[in-house]
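Please open the model in a viewer and keep the selection tool at hand.

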Amino acid sequence: MAAGAVLRPFLSGCAHKLTGLRLSALPICVRTVHVCSVLRAGHNKWSKVKDIKIPKDAARARMIAKYAMLIRVAVREGGPNPEYNIALAQLIEQCRNKNLPKATIDAAIKGAEKSKAGSQYLYEARGPGGSMLLIEVLTDNNTRSHQAIKHILIKNGGAMCESARHHFDRKGVIVATRDQVSTEKALDLAIESGAEDVHEAEDEEEKPILQFICDMNSTKAVRTALETLGVHTLSVGMEYISNTPAPLTQDQLDSSANLIEALSEYPEVVRVWDNIQALE
(Lines give C-alpha, C1' and ligand atoms only; values in the text may rest on other atoms or scores of the structure.)
Protein backbone atom coordinates (compact mmCIF):
# COMPACT_ATOMS: atom_id res chain seq x y z
CA MET A 1 0.00 0.00 0.00
CA ALA A 2 2.90 2.32 0.23
CA ALA A 3 3.99 4.43 -2.70
CA GLY A 4 7.35 6.01 -3.69
CA ALA A 5 11.25 5.08 -3.87
CA VAL A 6 13.72 5.67 -1.06
CA LEU A 7 13.94 5.08 2.67
CA ARG A 8 15.05 8.11 4.63
CA PRO A 9 15.59 7.91 8.39
CA PHE A 10 14.13 10.70 10.52
CA LEU A 11 14.69 11.77 14.12
CA SER A 12 16.15 8.90 16.16
CA GLY A 13 15.88 6.37 13.35
CA CYS A 14 12.35 5.42 14.30
CA ALA A 15 10.81 6.81 11.13
CA HIS A 16 11.49 5.98 7.49
CA LYS A 17 10.04 7.91 4.61
CA LEU A 18 7.94 5.64 2.45
CA THR A 19 8.64 6.67 -1.08
CA GLY A 20 8.97 3.09 -2.24
CA LEU A 21 10.59 0.40 -0.20
CA ARG A 22 13.23 -2.08 -1.09
CA LEU A 23 14.00 -4.84 1.36
CA SER A 24 17.07 -7.03 1.20
CA ALA A 25 16.33 -10.73 0.99
CA LEU A 26 18.21 -13.70 2.33
CA PRO A 27 19.30 -16.33 -0.19
CA ILE A 28 16.68 -19.06 -0.48
CA CYS A 29 17.65 -22.53 -1.65
CA VAL A 30 14.28 -24.19 -1.29
CA ARG A 31 10.89 -22.48 -1.61
CA THR A 32 8.53 -23.74 1.06
CA VAL A 33 4.80 -23.16 1.10
CA HIS A 34 2.88 -23.79 4.28
CA VAL A 35 -0.36 -23.32 6.13
CA CYS A 36 0.26 -23.90 9.82
CA SER A 37 -3.10 -24.50 11.51
CA VAL A 38 -1.74 -23.75 14.99
CA LEU A 39 -0.16 -20.45 14.00
CA ARG A 40 -3.07 -19.39 11.86
CA ALA A 41 -5.50 -20.24 14.66
CA GLY A 42 -3.54 -17.95 16.96
CA HIS A 43 -3.47 -15.25 14.32
CA ASN A 44 -7.22 -15.52 13.67
CA LYS A 45 -7.99 -15.40 17.39
CA TRP A 46 -5.94 -12.21 17.66
CA SER A 47 -7.75 -10.73 14.63
CA LYS A 48 -11.10 -11.33 16.31
CA VAL A 49 -9.90 -9.62 19.51
CA LYS A 50 -8.94 -6.55 17.47
CA ASP A 51 -12.25 -6.54 15.59
CA ILE A 52 -14.32 -6.57 18.79
CA LYS A 53 -12.63 -3.37 19.95
CA ILE A 54 -13.74 -1.30 16.96
CA PRO A 55 -17.46 -0.77 16.13
CA LYS A 56 -18.06 -1.70 12.50
CA ASP A 57 -19.53 1.67 11.48
CA ALA A 58 -16.61 3.55 12.98
CA ALA A 59 -14.10 1.15 11.43
CA ARG A 60 -15.68 1.54 7.99
CA ALA A 61 -15.72 5.33 8.18
CA ARG A 62 -12.08 5.28 9.18
CA MET A 63 -11.23 2.89 6.35
CA ILE A 64 -12.95 5.09 3.75
CA ALA A 65 -11.11 8.19 4.96
CA LYS A 66 -7.75 6.48 4.85
CA TYR A 67 -8.23 4.97 1.40
CA ALA A 68 -9.14 8.46 0.18
CA MET A 69 -5.86 9.72 1.64
CA LEU A 70 -3.87 7.00 -0.10
CA ILE A 71 -5.60 7.65 -3.43
CA ARG A 72 -4.69 11.34 -3.25
CA VAL A 73 -1.03 10.48 -2.64
CA ALA A 74 -0.99 7.94 -5.49
CA VAL A 75 -2.49 10.50 -7.88
CA ARG A 76 0.02 13.18 -6.93
CA GLU A 77 2.93 10.77 -7.44
CA GLY A 78 1.78 8.93 -10.56
CA GLY A 79 -1.08 10.87 -12.15
CA PRO A 80 -4.87 10.33 -12.21
CA ASN A 81 -5.00 7.64 -14.92
CA PRO A 82 -4.95 4.13 -13.37
CA GLU A 83 -3.86 2.67 -16.72
CA TYR A 84 -0.48 4.35 -16.23
CA ASN A 85 -0.42 4.41 -12.43
CA ILE A 86 -0.15 0.91 -10.96
CA ALA A 87 -0.37 2.09 -7.33
CA LEU A 88 -3.61 3.94 -8.08
CA ALA A 89 -5.05 0.99 -10.01
CA GLN A 90 -4.37 -1.33 -7.06
CA LEU A 91 -5.99 1.09 -4.62
CA ILE A 92 -9.09 1.52 -6.79
CA GLU A 93 -9.46 -2.25 -7.03
CA GLN A 94 -9.12 -2.63 -3.27
CA CYS A 95 -11.71 0.12 -2.72
CA ARG A 96 -14.20 -1.56 -5.05
CA ASN A 97 -13.79 -4.90 -3.33
CA LYS A 98 -14.45 -3.20 0.00
CA ASN A 99 -17.60 -1.61 -1.50
CA LEU A 100 -16.39 1.95 -1.16
CA PRO A 101 -18.72 4.35 -3.00
CA LYS A 102 -17.61 5.23 -6.53
CA ALA A 103 -18.32 8.87 -5.75
CA THR A 104 -15.80 8.73 -2.89
CA ILE A 105 -13.13 7.22 -5.14
CA ASP A 106 -13.75 9.79 -7.89
CA ALA A 107 -13.74 12.67 -5.41
CA ALA A 108 -10.41 11.54 -3.97
CA ILE A 109 -8.86 11.37 -7.46
CA LYS A 110 -10.22 14.76 -8.52
CA GLY A 111 -9.31 16.42 -5.22
CA ALA A 112 -5.71 15.22 -5.18
CA GLU A 113 -4.25 18.45 -6.58
CA LYS A 114 -6.16 20.64 -4.13
CA SER A 115 -5.38 18.55 -1.05
CA LYS A 116 -2.48 19.24 1.28
CA ALA A 117 0.82 17.78 0.19
CA GLY A 118 1.78 14.90 2.46
CA SER A 119 4.38 12.17 2.68
CA GLN A 120 4.20 8.62 3.94
CA TYR A 121 6.39 7.47 6.81
CA LEU A 122 6.88 4.19 8.58
CA TYR A 123 7.39 4.26 12.34
CA GLU A 124 8.80 1.29 14.21
CA ALA A 125 7.46 0.43 17.65
CA ARG A 126 7.38 -2.20 20.38
CA GLY A 127 4.07 -3.23 21.92
CA PRO A 128 2.95 -5.29 24.95
CA GLY A 129 4.69 -8.61 25.48
CA GLY A 130 7.60 -7.69 23.22
CA SER A 131 5.41 -7.57 20.09
CA MET A 132 6.53 -5.46 17.15
CA LEU A 133 4.52 -2.84 15.25
CA LEU A 134 4.98 -0.97 12.00
CA ILE A 135 2.89 2.19 11.85
CA GLU A 136 2.26 3.70 8.42
CA VAL A 137 1.55 7.42 8.59
CA LEU A 138 0.52 9.98 5.97
CA THR A 139 1.32 13.49 7.14
CA ASP A 140 2.38 16.97 6.09
CA ASN A 141 4.29 17.43 9.37
CA ASN A 142 6.42 14.47 10.38
CA THR A 143 7.66 16.06 13.60
CA ARG A 144 4.10 16.58 14.86
CA SER A 145 2.99 13.08 13.90
CA HIS A 146 6.08 11.46 15.38
CA GLN A 147 5.48 13.14 18.73
CA ALA A 148 1.77 12.25 18.70
CA ILE A 149 2.45 8.58 17.92
CA LYS A 150 5.18 8.45 20.57
CA HIS A 151 2.71 9.81 23.14
CA ILE A 152 0.04 7.25 22.18
CA LEU A 153 2.56 4.42 22.46
CA ILE A 154 3.84 5.44 25.89
CA LYS A 155 0.31 5.95 27.19
CA ASN A 156 -0.69 2.43 26.10
CA GLY A 157 2.33 0.37 27.12
CA GLY A 158 4.38 0.70 23.94
CA ALA A 159 7.48 2.58 22.81
CA MET A 160 9.31 3.66 19.69
CA CYS A 161 12.15 1.36 18.70
CA GLU A 162 14.63 0.87 15.88
CA SER A 163 14.44 -2.86 15.20
CA ALA A 164 10.81 -3.64 14.36
CA ARG A 165 11.28 -3.75 10.59
CA HIS A 166 13.57 -6.75 10.90
CA HIS A 167 10.55 -8.74 12.07
CA PHE A 168 8.65 -8.17 8.81
CA ASP A 169 9.12 -8.77 5.10
CA ARG A 170 7.58 -6.60 2.39
CA LYS A 171 5.53 -8.96 0.23
CA GLY A 172 2.92 -9.00 -2.49
CA VAL A 173 -0.49 -10.18 -1.27
CA ILE A 174 -3.20 -11.49 -3.60
CA VAL A 175 -6.59 -11.64 -1.89
CA ALA A 176 -9.05 -14.27 -3.15
CA THR A 177 -12.47 -15.59 -2.17
CA ARG A 178 -12.41 -18.80 -0.14
CA ASP A 179 -15.28 -20.50 -2.05
CA GLN A 180 -15.28 -23.66 0.11
CA VAL A 181 -11.59 -24.25 -0.64
CA SER A 182 -10.08 -26.58 1.97
CA THR A 183 -6.76 -25.87 3.68
CA GLU A 184 -5.14 -28.68 1.69
CA LYS A 185 -6.49 -27.32 -1.58
CA ALA A 186 -5.31 -23.81 -0.69
CA LEU A 187 -1.85 -25.23 -0.14
CA ASP A 188 -1.95 -26.96 -3.53
CA LEU A 189 -3.07 -23.74 -5.21
CA ALA A 190 -0.22 -21.81 -3.60
CA ILE A 191 2.33 -24.35 -4.83
CA GLU A 192 0.92 -24.49 -8.36
CA SER A 193 0.68 -20.70 -8.70
CA GLY A 194 4.19 -20.02 -7.44
CA ALA A 195 3.12 -18.31 -4.20
CA GLU A 196 5.38 -18.52 -1.14
CA ASP A 197 2.63 -18.94 1.43
CA VAL A 198 -1.14 -18.79 1.89
CA HIS A 199 -3.05 -17.40 4.86
CA GLU A 200 -6.63 -18.11 5.84
CA ALA A 201 -8.41 -14.96 7.01
CA GLU A 202 -11.70 -13.04 7.08
CA ASP A 203 -12.64 -9.74 5.47
CA GLU A 204 -14.42 -6.82 7.17
CA GLU A 205 -17.76 -8.61 6.75
CA GLU A 206 -16.36 -11.80 8.30
CA LYS A 207 -16.41 -13.63 4.97
CA PRO A 208 -13.61 -16.19 4.61
CA ILE A 209 -10.83 -15.20 2.24
CA LEU A 210 -7.41 -16.50 1.21
CA GLN A 211 -4.30 -14.36 1.09
CA PHE A 212 -1.60 -15.67 -1.24
CA ILE A 213 1.82 -14.30 -0.31
CA CYS A 214 4.52 -13.85 -2.93
CA ASP A 215 7.58 -11.83 -3.89
CA MET A 216 6.67 -8.22 -4.72
CA ASN A 217 7.85 -8.67 -8.31
CA SER A 218 5.76 -11.83 -8.83
CA THR A 219 2.27 -10.53 -8.03
CA LYS A 220 1.11 -10.34 -11.65
CA ALA A 221 2.38 -13.82 -12.52
CA VAL A 222 0.96 -15.43 -9.36
CA ARG A 223 -2.40 -13.73 -9.79
CA THR A 224 -2.63 -14.84 -13.41
CA ALA A 225 -1.74 -18.40 -12.40
CA LEU A 226 -4.36 -18.43 -9.65
CA GLU A 227 -7.08 -17.21 -12.01
CA THR A 228 -6.05 -19.86 -14.55
CA LEU A 229 -6.53 -22.43 -11.77
CA GLY A 230 -10.07 -21.14 -11.23
CA VAL A 231 -9.46 -18.93 -8.19
CA HIS A 232 -11.55 -15.76 -7.97
CA THR A 233 -9.02 -13.09 -6.99
CA LEU A 234 -10.25 -9.83 -5.47
CA SER A 235 -7.27 -7.53 -5.21
CA VAL A 236 -3.51 -7.28 -5.04
CA GLY A 237 -1.30 -5.08 -2.90
CA MET A 238 1.93 -4.80 -0.94
CA GLU A 239 1.97 -5.54 2.77
CA TYR A 240 4.34 -6.20 5.64
CA ILE A 241 4.21 -9.86 6.61
CA SER A 242 5.56 -10.98 9.98
CA ASN A 243 8.52 -13.35 9.87
CA THR A 244 8.84 -13.72 13.67
CA PRO A 245 5.43 -14.08 15.38
CA ALA A 246 5.06 -12.95 19.00
CA PRO A 247 2.69 -15.22 20.99
CA LEU A 248 0.84 -13.20 23.66
CA THR A 249 -1.34 -14.08 26.63
CA GLN A 250 -4.96 -12.95 26.80
CA ASP A 251 -4.10 -9.94 28.98
CA GLN A 252 -1.36 -8.93 26.55
CA LEU A 253 -3.76 -9.36 23.62
CA ASP A 254 -6.25 -7.03 25.29
CA SER A 255 -3.54 -4.43 25.93
CA SER A 256 -2.32 -4.74 22.34
CA ALA A 257 -5.85 -4.31 20.99
CA ASN A 258 -6.26 -1.12 23.03
CA LEU A 259 -2.94 0.20 21.75
CA ILE A 260 -3.70 -0.53 18.10
CA GLU A 261 -7.16 0.98 18.49
CA ALA A 262 -5.63 4.17 19.90
CA LEU A 263 -3.09 4.34 17.08
CA SER A 264 -5.73 3.71 14.42
CA GLU A 265 -7.88 6.52 15.78
CA TYR A 266 -5.12 9.04 15.08
CA PRO A 267 -6.20 10.66 11.77
CA GLU A 268 -2.79 10.46 10.09
CA VAL A 269 -2.25 6.74 10.76
CA VAL A 270 -3.02 4.77 7.60
CA ARG A 271 -2.37 1.27 8.90
CA VAL A 272 -0.71 -0.65 11.73
CA TRP A 273 1.03 -3.95 11.07
CA ASP A 274 1.82 -6.32 13.93
CA ASN A 275 3.45 -9.70 14.50
CA ILE A 276 1.00 -10.74 17.23
CA GLN A 277 -0.51 -14.18 17.72
CA ALA A 278 -2.64 -15.56 20.51
CA LEU A 279 -0.77 -17.92 22.80
CA GLU A 280 -2.49 -21.29 22.54
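The model is a predicted one, in which local features need pLDDT of at least 70 and side-chain atom pairs count only at pLDDT 80 or more, while totals for chains, interfaces and linings use all residues. Residues are numbered from 1 along each chain as its sequence is written, and side-chain values use heavy atoms, with hydrogens and water left out.

Asn 99 sits in the loop between H3 and H4; helices (H or I, at least four residues) and strands (E, at least two) are DSSP runs, numbered from the N terminus. Its phi is near 60°, a positive value in a residue other than glycine. Most residues other than glycine have a negative phi.

Next, select Gln 180, in the loop between S6 and H6. Here too phi is positive, near 65°. Is Gln 180 buried or exposed? At 82% relative accessibility, Gln 180 counts as exposed.

**The whole chain**

Buried residues account for 48% of its 280 residues.

**Helix H2**

Select residues 56-78, which form helix H2. The expected span of a helix is 1.5 Å times one less than its number of residues, so the 23 residues of H2 should span 33 Å, and this agrees with the 32 Å between its end C-alpha atoms. Buried residues of H2 include Arg 62, Tyr 67, Leu 70 and Val 73. Among the elements that cover the buried residues are helix H3 (86-97), helix H4 (102-110), S3 and H8. Just after H2, Gly 79 takes a positive phi of about 95°.

**The largest nonpolar core**

Select Leu 133, Ile 135, Ile 149, Leu 153 and Leu 263, which touch the most other members of the 22-residue largest nonpolar core (a set of buried Ala, Val, Leu, Ile, Met, Phe, Trp, Tyr and Cys residues joined through side-chain atoms within 4.5 Å). Elements giving two or more residues to this core include strand S4 (132-139), helix H5 (142-155) and strand S11 (269-274). Helix H8 supplies the largest share, five residues.

Which residues is Ile 149 in contact with, leaving aside its neighbours within four places in sequence? They are Tyr 123, Ile 135, Val 137, Met 160, Leu 263, Tyr 266 and Val 269, where contact means heavy atoms within 4.5 Å.

Move on to S11, where five of the six residues are buried. S4 and S11 pair in the antiparallel sense over five bridges; two strands pair if DSSP finds at least two bridges between them. Ile 135 has Val 272 in S11 as its bridge partner.

**The open sheet**

Finally, select the four strands of the open sheet, ordered S7-S8-S6-S9 with antiparallel pairing. Strand S7 (197-202) and strand S9 (233-242) are the edge strands, each pairing on one side only. Strand S6 (residues 168-177) and S9 share nine bridges in the antiparallel sense. Lys 171 stands opposite Glu 239 in S9.

Conventions:
Buried means under 20% relative accessible area, exposed over 50%, partly exposed in between (1.4 Å probe, protein chains only).
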